[in-house]
Amino acid sequence: MWAAGGVAPEDRLDRGQTGTVIIRVLRMAKPFIRTAYIALGCVVVTTAATLAAPVLVRHGIDSGIRVNDAVQLNISVALYVLVTALAYVFGRMQYLYLNRTGEAFLRELRLKVFAAMQRQSMAFYDRNKSGVLVARMTADIETMAELVQWGLLQFLASAFLVVLAFAVLFALSWQLTLVVLIVFPILVVASIKFQRDSNTAYLTVRERVGQNLSTLQEGIGAVRVIQAYAQEDKQIERFRISNRSLFNSHLRSIRISTWYFGLVEFSGVAATALIVGIGGWLVHRDTVSLGTVVAFVLLLSSLFDPVQQLSQLYNSVQSSAAALHKLFAILDATPEVNEVAGAVELPERGNLVVRNVTFKYQSGETNALDDVSISVRNGERLALVGPTGAGKSTLAKLMARLYDPSSGEVSYGGVDLRRTTMASLRERIVVVPQEGFLFNGTIRDNVRIARVTATDAQVDAALESLGILERFLQLPDGLETQVRERGGRLSAGERQLVALGRAALVDPAVLVLDEATSNLDPGTEAEVEHALERLMSGRTTIVVAHRLTTVQRADRIAVINNARIVELGTHLELIALSGHYAVLARAWEKSHAI
């Protein structure tokens, strides 16, 4: 179990960071403080009962057996049974309450982190890969789950037990306590070394597991290429090497565990031998009683076992603190696109104006847009064209306020988008991506995502307005058809129709489209084009265009190159210029001819 607590050097927190994490955890745990106090009380009772048992054995021997006092012996036996029962009952209760507190904390933490992720703007997801964010919600939470499920209980109980055990030992006999202290430092030093070595060994195992899985995935994923070039033996040799490396790292971790646990066991035997030997000599000199020696032998397990457990748990606590630090970083992240105080409603109609906008992605070295200005009239269709990376998609995102400009202004109806309420912004301006993402559920559920308060009749009306309601009603379960994860039961065209239905349900004033038909087969393209044409009718539309047919239907075309608008006009006007657009148009025509 110790392996689960490895923490890399770069993830270790300094004293200040650790203190901050602890303070924030305590604040978050306030709603569960009553349960935590009950759990702590159970730990105290369990520990006290565990340590009381050897003391009662001492009393039974010294005050009962040695002096033939049956009454005192019976009292010792009865009390021993009672404290043993108490230790069992409160031990189960402490486990229950600590787990209840820990799981409640993790439930609240998951909810807070997910809510924080949902509120972040696109820039946040540019900085953080989706795989890393998923790992925060899975691997990092799981790291803490192991701690709260059993580790926290063991950590508290072990620490408390060590302190009280020494207090009881010293109260029984300071002479024999000194004997224990001869062996105890060896165990402490060995535990510190084990903590460090085991952490390093686990990190190596984790790295080797990753390498082995990577080799395995490549061997399976690229099997056609491997067999095409007869490289099977080479790939087998690669996997043999990575597999041997993983084997060796596991062996090292086993060797570390073997010497440590062997040393702990030997230390316990040595301490017991010393207590029996020196204790017998002290009994012979009437310095200590026989019952005291027996109690010391029984108490040794209450001293050595907790130290061993604390050593194993140290890395787990460190790893959990590092995981919490990363999760708190997500909670503390401030969305770049946010609603300001005193935000106003966006007008229902108006011109969409981009004025002197410059924008640079946080990870970019150069501007994605440089001093761009353009005005889109109410109801106008504007196509954005240009080479890959020129900035056309960035401009469309700024027009929908998925990002805020580094400088300049984007306004609608004379109102800066940064000063509007997010609710009115998303009602007036809707983005339809190139590929519509569908959630697990029914077709009706997926359309209603755009407006969760919409009735069934409103959903039907939105689909009917695009002329696609009948298409979905022909399915065996109609709009109640389960689409499964990512819309796996629907074709690409049907998924895009659902995405268009969402936009129709919102009924926005402005549509921002990353051309919705570019990835469709000819059979479904015409149907989606027809629905799209009905959706765009009477609305201001911004299209990131990938096809000449789409561009030609636009009222105006903006050609973007090297982060600037270099040409602006109708299709015929730009062809007559024989500039950038004319080159793109000829390339499209040539590609279509092929």
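Predicted model: local features only at pLDDT ≥ 70, side-chain atom pairs only at ≥ 80, totals over all residues.
Reader: Which residue of E5 stands opposite Tyr412?

Author: Tyr412 stands opposite Val415 in E5. Residues are numbered from 1 along each chain as its sequence is written, and side-chain values use heavy atoms, with hydrogens and water left out.

Reader: How many bridges join E4 to E5?

Author: E4 and E5 are joined by two bridges and run antiparallel. Two strands count as paired if DSSP finds at least two bridges between them.

Reader: What is the strand order of that open sheet?

Author: The order is E2-E1-E4-E5, an open sheet of four strands with antiparallel pairing.

Reader: And which strands stand at the edges?

Author: E2 and E5 (415-416) do; each has a single partner strand, so one side of each lacks a neighbour in the sheet.

Reader: How many bridges does E1 have to E2, and how many to E4?

Author: Five bridges join E1 to E2 (residues 369-376), and five join E1 to E4 (residues 407-412). Among the partners, Val353 is bridged to Ser375 in E2, and Leu352 to Tyr412 in E4.

Reader: Is E1 mostly covered or mostly uncovered?

Author: E1 (residues 352-359) is mostly covered, with six of its eight residues buried. Buried means under 20% relative accessible area, exposed means over 50%, and partly exposed lies in between, for a 1.4 Å probe and protein chains only.

Reader: Changing topic: how many cavities of 30 Å³ or more are there?

Author: A search of the whole structure finds three. A cavity is a set of points, on a 1 Å grid over the protein atoms alone, where a 1.4 Å probe fits but cannot get out; lining residues have an atom within 4 Å of a point. The largest cavity has a volume of about 100 Å³, a volume being the space filled by probe spheres set on the points, with grid points joined across faces, edges and corners.

Reader: What lines the largest one?

Author: The lining consists of Arg381, Leu382, Ala383, Leu513, Leu532, Met536, Val543, Thr550, Arg553 and Ala554. Strand E3 (381-385) and helix H16 (522-536) are the elements that give two or more residues to this lining. E3 gives the most, with three residues.

Reader: How does that lining divide by class?

Author: It has seven nonpolar, one polar and two charged residues. Here Ala, Val, Leu, Ile, Met, Phe, Trp, Tyr, Cys and Pro count as nonpolar, Asp, Glu, Lys and Arg as charged, and the others, Gly among them, as polar.

Reader: How many salt bridges does the count come to?

Author: The count comes to 23, taking a salt bridge as a side-chain nitrogen of Lys or Arg within 4 Å of a carboxyl oxygen of Asp or Glu. Arg444, Arg448, Asp456, Asp460 and Glu480 are linked in a network of them.

Reader: What about Arg127, which residue does it pair with?

Author: Arg127 forms a salt bridge with Glu336, the closest N and O atoms being 2.5 Å apart. The pair links distant parts of the chain, 209 residues apart: Arg127 is in helix H4 (residues 122-127), and Glu336 is in the loop between helix H9 (290-332) and E1. Arg127 is partly exposed at 39% relative accessibility, and Glu336 is partly exposed at 32%.

How values were computed: 1 Å grid on protein atoms, 1.4 Å probe; cavity = no way out; pocket = protein on both sides within 12 Å on 5 of 7 lines; lining within 4 Å.
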